[in-house]
Amino acid sequence: MSNHIKSETLLKLITENLPDLLWIKDLKGNYIYANDSTCKIFLNTLPEDAIGKNDLYFAKKERSKFPNSPNWHTFGENCAESDLQVLEKLEPITVKECGTIRGALRHFEINKAPFYNENGKIIGIIGIARDITSQTILEEENYKLTYYDLLTKLPNRQKILLDILKTNPKACMIFNIDGFREVNDFFGIYNADKILQEVANRFFSKRLKAYRVGGDEFAVTYHENLSYEELKEKAFEILSMLQDEEYLIEDKTISLGFSVGIAKASNRLLSKTDIAVNRAKNSHESMFIYDEDEKIEEKYKDNINMAYEIKKAL
């Protein structure tokens, strides 16, 4: 018995059993062909019932089952834009598209290309898609773990360093909670964490993009070319937000004070703001402004080196 399979039969076997989604649409976006995976995952129909219909038809059909849930099925509606791109450029593209399919958010990596007949005339678009939902969710979770603080939900120090590198802000402020170690020791870690969450919530409530850059430190950046006086004014507004209203711990309320460091710099912005907030804490001032002309960073390094040499000598 011959093991030879006709090319037409072989192609049909491959496409029908392919786990990836494979389809062909005509120039109006109607299906000419859809394999079993496409019909099962995208369209929720049989292959023969897909022919001559478009994505919007199937989206409306699914939504009609749940009229009170307009987002029950949205996938396919945003595919028309990438289809049009293929027809305009007449070249293959790879896109990532997402949408809800029967109530669940799904992500796909999709390859699309012009589809020609035997005479070389374009008659539609051929597409193949792979479900990357699990991969996308994992990537998003890893991104959050890398760049966001789990306790406060604020972006963390790694994220502000990345954002500074990408967007080059002109100024930065760091707000440090005064005496937070004592709060932690006296009221316990649980209540101290609640305070940190409340500080973060106050930034959220004012729609300020803040970062948690240390255990008890929060940073804000500015891209406008603000004067030191304008920066001080903004710092006082944030201090008022953070300090004027007391913080609730169990059945008690406590007041918190904050020190703030401010820096303007074209390089090493976060490091210079770190120095400024440390100077504010150590000098018992509520605010300290890093001045490039005073060469504070060089003096700071000299002090660190001197402390090291003294310790080494002892």
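**Contacts, sheet and helices in the predicted model**

Setting aside neighbours within four places in sequence, Leu21 touches Asn35, Ser37, Thr38, Ile41, Phe42, Phe108, Gly127, Ile128 and Ala129. That list comes from a predicted model, as does everything below. Leu21 belongs to strand β1, which covers residues 21-26. With a relative accessibility of 1%, this residue falls under the 20% cut-off and so counts as buried. One of its contacts, Phe108, sits 87 residues away along the chain, yet the C-alpha atoms of Leu21 and Phe108 are separated by 9.8 Å.

Next comes the open sheet. Five strands make it up, in the order β7-β8-β6-β11-β12, and the pairing is mixed. The edges are taken by β7 (210-214) and β12 (287-290); each has a single partner strand, so one side of each has no neighbour in the sheet. From one strand to the next, the twist averages 25°. As for how such pairing works, strands of a sheet are held together through backbone hydrogen bonds, in either a parallel or an antiparallel sense.

Cys172 stands opposite Thr221 in β8. At 1% relative accessibility, Cys172 is under the 20% limit and therefore buried. Cys98 is another story: its relative accessibility is 36%, which lies between 20% and 50%, so it counts as partly exposed. What about disulfides? A disulfide is a covalent bond between the sulfur atoms of two cysteines. The structure has zero of them.

Helix α7 (residues 157-167) lies across β6, β7 and β8, and runs at about 120° to β7. Helix α11 (residues 269-282) packs on the sheet too, where it touches β6, β8, β11 (258-264) and β12. The direction of α11 makes about 145° with that of β11.

Helix α9, residues 189-205, gives a handy check on geometry.

Technical notes
Residues numbered from 1 in each chain as written. Predicted model: local features only at pLDDT ≥ 70, side-chain atom pairs only at ≥ 80, totals over all residues. Heavy atoms only, no water. Helix = DSSP H or I, 4+ residues; strand = E, 2+ residues; numbered from the N terminus. Buried < 20%, exposed > 50% of the residue type's maximum accessible area, 1.4 Å probe, protein only. Contact = heavy atoms within 4.5 Å. Disulfide = S-S within 2.5 Å. Pairing = 2+ DSSP bridges. Axes fitted to C-alpha atoms, helices over the stretch in contact; angles between N-to-C directions. Expected span 1.5 Å × (residues − 1).
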